[in-house]
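Let us take a walk through a protein model together, one stop at a time. Have a look at the picture below and turn it around before reading on.

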Amino acid sequence: MDYQFPSLPYAFNALEPHIDAQTMEIHYTKHHKTYFDKFVAAIKETESNGKSLEEIFANVSKLPMAVRNHGGGLFNHTMFWESMSPNGGGAPAGQLADAINAKYGSFEDFKTKFNDAAANRFGSGWAWLSVKADNSLCVCSSANQDNPLMDTSDCPATPILGLDVWEHAYYLKFQNRRPEYISAFWNVVNWSVIEARYNSIVK
Amino acid sequence: MKKILVYFIVLMAIPFALKAQQEPFHKFAPLPYAYDALEPYIDKMTMEIHYDKHHRAYYNNFMAAMKGTELEKTPMLSIFANISTQPVAIRNNAGGYWNHEMFWNCMKPNGGGTPSGKLGDAITSTFGSFDNFKKQFAEAGVKRFGSGWVWLVVGKDGKLFISSTPNQDNPLMNIAEQPGTPVFCLDVWEHAYYLKYQNKRGDYINAWWNVVNWDFAQKLYAEALEKK
């Protein structure tokens, strides 16, 4: 397969005022694009060229660091854009809502757990809501551009919601105030997409 | 009258004596220059947030994490030499506290140029030329993936080398891949440059050479050699 740089599913300013247009533009056209370009260059040098990102992550420990870093950066950001919407926010419904309530007690308790994971990730990284092999939910965080699909992960699972907590994701608008960025993020989460991911895994 | 004067002086001195007693062993040092002193290379807003928010938060978190432990009176170098035995909150925040203080001193208004003296000679002999050193140091900065630091370090053998560390680690920590005594450092966390340079870390590093304080690096280099 040829690797494609995905289009952003909305305008740069679509998530205002929660995520500002300048951040979105630089994040997508510079950071994400650079991960894509560097991943394509790095994977070409390996026998895994053409494989899906999921297959690559399952063996990423045996591949060059550039594949792990930039492949992660490519996948994580694509998933991140799709997880947000100008009409987002609110709370999940259906099976996912039931699973969240069963596991965390309530949606608010889940949010607190996810917020802690995102706020406590030291340095650059991501916070995740994922589905484990036994179909149970888990919240964790990963360093840099790692993700729970990688065979290097200490919380292996299939992510359904990821939040970028690299400083580049929020510094222009929120500077050192990462918790404010995390709070703002909940206003743009596209729960119907997250629910569809969940349903397709546990079906 | 004389007696009253003595009482008065003693009374006046009490708050100062108390303050001295309360002064912590680990101090949050003032920034050695104004926030706008490194313009246009490092902008005022970045300096202010970097010092007053990030650096101060590391300091406060470090103080909170070690409260009531013997670390409150332990020199930083000893803490780093045994950092593997400490909780990760100590490692992260002690590193963030110490690294930033060193970083402020590695810069000054009207800085830049080239190092002279023994450090200049050592850089030339180790890296071939000052330009080669700059190239390798900048490359280490651009290549550090995620958050971290670049260091010019004196190794156990007294020789110079360049290394980079993730997050707030440093070469003094006993968990460092390349341990040694740092004499010069560069912060490559995005918060160090994002407001002015955004994704262009390379531009930040290029600009940074204009404000480096070689006198300070020179001093640390001489001290590091003396300890050998």
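Which side chain does A:Glu180 meet in a salt bridge? The partner is A:Arg177, with 3.2 Å from N to O. A salt bridge here is a side-chain nitrogen of Lys or Arg within 4 Å of a carboxyl oxygen of Asp or Glu. Side chains of opposite charge can pair when their charged atoms come close.

Before we go further, a word on what you are looking at. This is a predicted model, in which local features need pLDDT of at least 70 and side-chain atom pairs count only at pLDDT 80 or more, while totals for chains, interfaces and linings use all residues. Residues are numbered from 1 along each chain as its sequence is written, chains are lettered from A and ligands numbered from 1 in the order in which they are written, and side-chain values use heavy atoms, leaving out hydrogens and water.

Back to our pair. A:Glu180 is partly exposed, with a relative accessible area of 41%, and A:Arg177 is partly exposed as well, at 32%.

Over all chains the count comes to 10 salt bridges. Another of them joins A:Asp37 to A:Lys33, whose closest N and O atoms are 3.2 Å apart. Both residues lie in helix α1 of chain A, 4 residues apart, or about one turn of the helix. (Helices are DSSP runs of H or I with at least four residues, strands are runs of E with at least two, and both are numbered from the N terminus.) A:Asp37 is partly exposed at 36% relative accessibility, and A:Lys33 is partly exposed at 31%. In chain B, the side chains of B:Glu223 and B:Lys219 meet in a salt bridge with 4.0 Å from N to O. Being 4 residues apart in helix α9 of chain B, B:Glu223 and B:Lys219 are separated by about one helical turn.

Now step back and view chain B as a whole. Chain B has 9 helices and 3 strands, and from the N terminus on its elements run α-α-α-α-α-α-β-β-β-α-α-α. Its C-alpha trace spans about 75 × 40 × 35 Å along the principal axes. Of the 228 residues of chain B, 48% count as buried. One of these is B:Ala207, at 10% relative accessibility, which sits in helix α8 of chain B. B:Ala207 and B:Pro40 are 167 residues apart in sequence, yet 8.7 Å apart in space, C-alpha to C-alpha. If we set aside neighbours within four places in sequence, B:Ala207 is in contact (heavy atoms within 4.5 Å) with B:Tyr41 and B:Tyr197.

How do the two chains meet? On each side there are 18 residues, with 18 of chain A in contact with 18 of chain B. Together the chains bury about 1800 Å², 64% of it on carbon and sulfur atoms; buried area is the accessible area (1.4 Å probe) that two parts lose on being put together, summed over both. In chain A, the residues that lose the most area to chain B are A:Phe122, A:Glu167 and A:Tyr171, together 39% of what that side buries. The count of salt bridges between chain A and chain B is 0.

Aromatic rings give us our last stop. The whole structure holds 52 aromatic pairs over all chains, where rings of Phe, Tyr and Trp (its six-membered ring) pair if their centres lie within 6.5 Å, with planes under 30 degrees apart counted as stacked, over 60 as edge-to-face and the rest as tilted. The rings of A:Tyr3 and A:Phe39 have centres 4.9 Å apart and planes at 80°, so this pair is edge-to-face. A:Tyr3 is in the segment before α1 of chain A and A:Phe39 is in helix α1, 36 residues apart, and both are buried. A:Phe122 and B:Tyr58 form an edge-to-face pair too, 6.1 Å from centre to centre with 70° between the planes. A:Phe122 lies in the loop between α5 and β1 of chain A and B:Tyr58 in helix α2 of chain B, so the pair joins two chains.

Key
Buried means under 20% relative accessible area, exposed over 50%, partly exposed in between (1.4 Å probe, protein chains only).
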